[in-house]
Amino acid sequence: MADDPPSRLTPLRQSARTPACSSRQDTTQVNSVAIVTMVQLKDLPWAYSSLQSLRQLRGEGLFRLVLINDACDPETAARIEAAVDGVVISDGRNLGVAGGRNRLVREAAARGAKFILSIDDDILLPEDFAETLWAEYKALEEAGASPGILTPATLDFHAVKGALYDAYALAPLENGGAIATPSTAEVRSRLASFEGFDNAAIYHMGIRDWHGAYCFTSGEADNAIQQAYQIEPARFHGAQAGLKASPEAKSAIINGADPIPIDTAPGGICLYSVALFDEVGGICESFNPFGYEDADFALRASEHGYRHFCAPRAIAIHDIAARLSERPLPVLMAAQGKMAGALTSRHLAGGEAAGSFIAIARRLFTSLGAKKPIGREAGFEFLSLRRLSCLLAFSSNALVFGLPDASAKAAPSAAACAELLKNLVSAIYKPCTDLSVAVEGARVVARSGDREETLFDGEVRASGEETTIDIAAMRLSSPRELVPPLLRTLSASGGGPAILSGRFVLGAGGAFRLEGVKLATESGFMLTANGEGVRPARPEHAVAPIRIERLSLLIEDLGALPRLLAFLSDMDERSPRDYVGALQSAYAQPGLSTLFDWLTGASNMLTVEVSGVLDGAPEPPSLEVVCKPAPAGAVRNVKVARLMTDPALAARARSPMTAVRAKVKRTIDTVARLVGEDPKVAPFPDAYNPSTLTRLSWKARYIAASRGIALTGNEARILQYKDSGRGKRAFIIGNGPSLNQLDLTKLKDEATFGVNAIYLNKDSMGFLPTHYIVEDVFVAEDRAGEINALKGPTKWFGNYLRYCLDGGPDACWMNVACDYRNYPNFPNFSRNAARIVWVGGTVSYVAMQLAYFMGYDPVYIIGFDHSYSVPKDAQVEGRAITSTSDDPNHFHPDYFGKGYRWHDPRVDRMEVAYGRAREAYEAAGRRIYNATAGGKLEVFERVAYDSLFRTGNT
């Protein structure tokens, strides 16, 4: 490694360096490490730049092998070969991610490779990357760590490119030219001084808790699920499960930390041995064409005793093409279903498997209940149908992994089926009660004292080549708090229980039948199914499909359909009648006329015939669905018919996005591109993220205010303070412990600026400050009640805090640029707070800009101790630090006391900001003085606090 002692280096081969292997070289030579890459034509020309980056890698025994995972013309293939200077292969078809990687590894092994360095085709690398990663692998091996898969710290190209490359250097990307990436040591050095480098700039470092990354991503709801299913230890949630979100991630990269253990590594950039690949059995091609194949590969390797690591000393730059946002939502949701079925069935058991699946399904159902577009859904005509297709894709893909296939020569045994049912019912019912569960044959009973309840009643028997499961009644229920709002809406009883009954027959060769299977809910809905199908053996490059030969569904509704229609029509902002009418226009097919009759209440029953194949592909399944006339005994669905003619619903119906609305939106977007928006105002967009039009209107208001024109009362309040302090002095009161050493009562008649929880010091001071400022999201959220109740000072808030703080006659909402990623010249200093105010790592920087705007000179700062410590008992999670004891860093122990959140106090960033404030004041012939009692801030000239109050001193 470039910045480590030579003794750490382990050469790839103990021979003289050899040139990279090309297709014209001897393909029988023995090579130690094969760099394998897949390329698709749609990724050009970006892939050319990435391939040339691979070509520049140093290291003995390296050779490069590229698979064109597509049909490719000879001219393009020749250019790809020239870019990488290695071997190019192609099967003339897309093998998928897993299939393509397997093809590459086997080809590399045949050419003598002992190790595989898998690298995606949208990555840029320092020249010493391979040497650095290899040295880390060998060090782990020598330490007896049983290294399996080793991944580097991978950075987001778009977040760090400003630190690592200049605009001229990046110009060749557009045409697939070569890009020079700094050495690993230089990358770390530049990141250390780059203000925009935070956890969000890290693309991947591996997953430290795969359960949390793939299953539990929804916070408190998933906490409840884990508790209900007795999953111990508790899992991380979502992004927290990734190593990149951990508090140590940034420093690990900058300081070059030792390798860190992880559960799974991204398949697109990792190092592992061919021996591991062979022992594990390759990458599972059931995950076709993409999704979670790398996680499954890593987990299977762990089962063989291998340990996986992230090596922060090795650094890669990923996603130069920004292509990962192209996949449509239904495809991603279908992949979620595949993951739920595959990973939970293969790598989890018992309550953890059930809890994980429930968490994933709950998340999907919750997204179905959202009344606004989710991510890439914007612009779709029918949000509800798009999401229902996600639900179908999710469910069918999960189902594919649940049934046995034809590889089992005989039907599953009766004992095995009974055990499966027992586990299934116990897992479903476990969250609902603390009752102990007793099993009697195929009957599952819950008992507590004298109380007894049958959860499953049935019989399982085997005869010949078939196993029959007769279910008299199986109770399906979940606690209310775990049921998504959508399901509660559709169920009159608030979520259940539902009762399942009927006969399931499992035969040899993967055959199955459903005979009179019924699902009935308390909400007045019944589904009856009869049918048959088969699951043949798994074909190459695919999951074993489920072929539905015949499936007849009879739907009987006595109350659920009206709620479903009301819900879907509300989501799409239409009346129920307009919603069904729009559907009928969009899908004008003769075979669906019966469906629309049912949807409008002509019948309370609907017969549906289904056939087709569920193949586990990421896309929603393609099934042939035929709706048939209502059977005898059907009656008019009065509740639906009443819903269709409800005048109140019809009156409040809103049209979908018309051509006029679409034109207005395009106009707004055009204006936004022409005039630009102010830097992003939503550091936490899930809490508050105004529309483009709102942000543009704000910009217009603040520009007008900066020129003395108040368009609203808010700007009028701001403008009344412009130059209001000219010829006067002011004090900015910090919150350090040194504040307790000063007689603050002397400031009662002075102009003062206080911040955050300064009001905790009211009794000691004898007053509240003239101006009170909050810009920190944690302070605003955690102390919203106290701040909203505060009376006396003029309040100055960032406009992004409107979601948690109240306005009023004493509040001024500032246009605060608070996203450091939009800070090319950090830190900016605003001389006109009516236009914009910039953050600088401390709320006192905002106070300095306001004091400048108001014309105060001189400005004295007190309580700026400029020194912080993070208590050992504090809980650190990402950017948030939560106190569990008294606050040692401020004037009051409750300032950031037990339960309060705060950010890592970056004094280095504060000093840069203070230096910019001093420059701005001095350029205007004004001064800021530091009157703090002690402390470590030396940016401003110091004065003694008491000297400011001698007779005649002004």
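Reader: How close do the axes of helix H5 and helix H7 come, and at what angle do they cross?

Author: Start with the general idea: two packed helices are described by the angle between their axes and the distance between the axes. In this predicted model, the axes of H5 (residues 157-164) and H7 (residues 184-192) come within 9 Å and cross at roughly 95°. Angles from 65 to 115 degrees count as roughly perpendicular, so H5 is roughly perpendicular to H7.

Reader: Which residues make that contact?

Author: On the H5 side, look for Val-160, Ala-163 and Leu-164. On the H7 side, pick out Val-187, Arg-190 and Leu-191.

Reader: OK, next topic: cores. Which residues have the most contacts inside the largest nonpolar core?

Author: The general idea first: in soluble globular proteins, nonpolar side chains tend to be buried together. Here the largest nonpolar core has 86 residues, and those with the most contacts inside it are Phe-753, Ile-773, Trp-796, Leu-805, Met-848, Leu-850 and Ile-862. Helix H29 (residues 843-854) gives the largest share of this core, with 10 residues. There's also a second, separate core of 56 residues, which includes Leu-173, Ile-253, Ile-283 and Ile-315.

Reader: What is Ile-862 in contact with?

Author: Skip its neighbours within four places in sequence, and you'll find partners including Ile-732, Leu-739, Leu-747, Ala-931 and Tyr-945.

Reader: How do I read burial for a whole helix, say H12?

Author: Go residue by residue, with under 20% relative accessible area as the cut-off for buried. Eight of the 11 residues of H12 (residues 293-303) pass, so this helix is largely enclosed by the rest of the structure. Among them are Phe-297, Leu-299 and Arg-300. H12 is followed by Gly-305, with a positive phi near 95°.

Reader: Is Asn-756 buried or exposed?

Author: Asn-756 has a relative accessible area of 9%, so it counts as buried. Ser-146, at 38%, is partly exposed.

Reader: Where is there a cis peptide bond?

Author: Look between Asp-857 and Pro-858, where omega is about 0°. Pro-858 is in the loop between H29 and strand E28.

Reader: What does Ala-473 touch?

Author: Ala-473 is in strand E14 (residues 466-476). Leaving out residues up to four places away in sequence, Ala-473 touches Leu-455, Phe-456, Asp-457, Ile-499 and Leu-500. Leu-519 is 46 residues away in sequence, yet its C-alpha is 9.7 Å from that of Ala-473. With 29% relative accessibility, Ala-473 counts as partly exposed.

Reader: And what is the mean pLDDT of the protein?

Author: The mean is 80, and 80% of the residues reach 70 or more. The pLDDT is below 50 over residues 1-30, although this stretch has 59 contacts in the model beyond near neighbours in sequence. It also stays under 50 over residues 653-657. Where pLDDT is low, the predicted coordinates should not be read in detail.

Reader: How many helices and strands are there overall?

Author: You'll find 30 helices and 33 strands. Of the 954 residues in the protein, 53% are buried.

Terms used
Residues numbered from 1 in each chain as written. Heavy atoms only, no water. pLDDT = per-residue confidence, 0-100. Contact = heavy atoms within 4.5 Å. Core = buried A, V, L, I, M, F, W, Y, C linked by side-chain atoms within 4.5 Å. Buried < 20%, exposed > 50% of the residue type's maximum accessible area, 1.4 Å probe, protein only. Helix = DSSP H or I, 4+ residues; strand = E, 2+ residues; numbered from the N terminus. Axes fitted to C-alpha atoms, helices over the stretch in contact; angles between N-to-C directions. Parallel < 35°, antiparallel > 145°, perpendicular 65-115°, else oblique.
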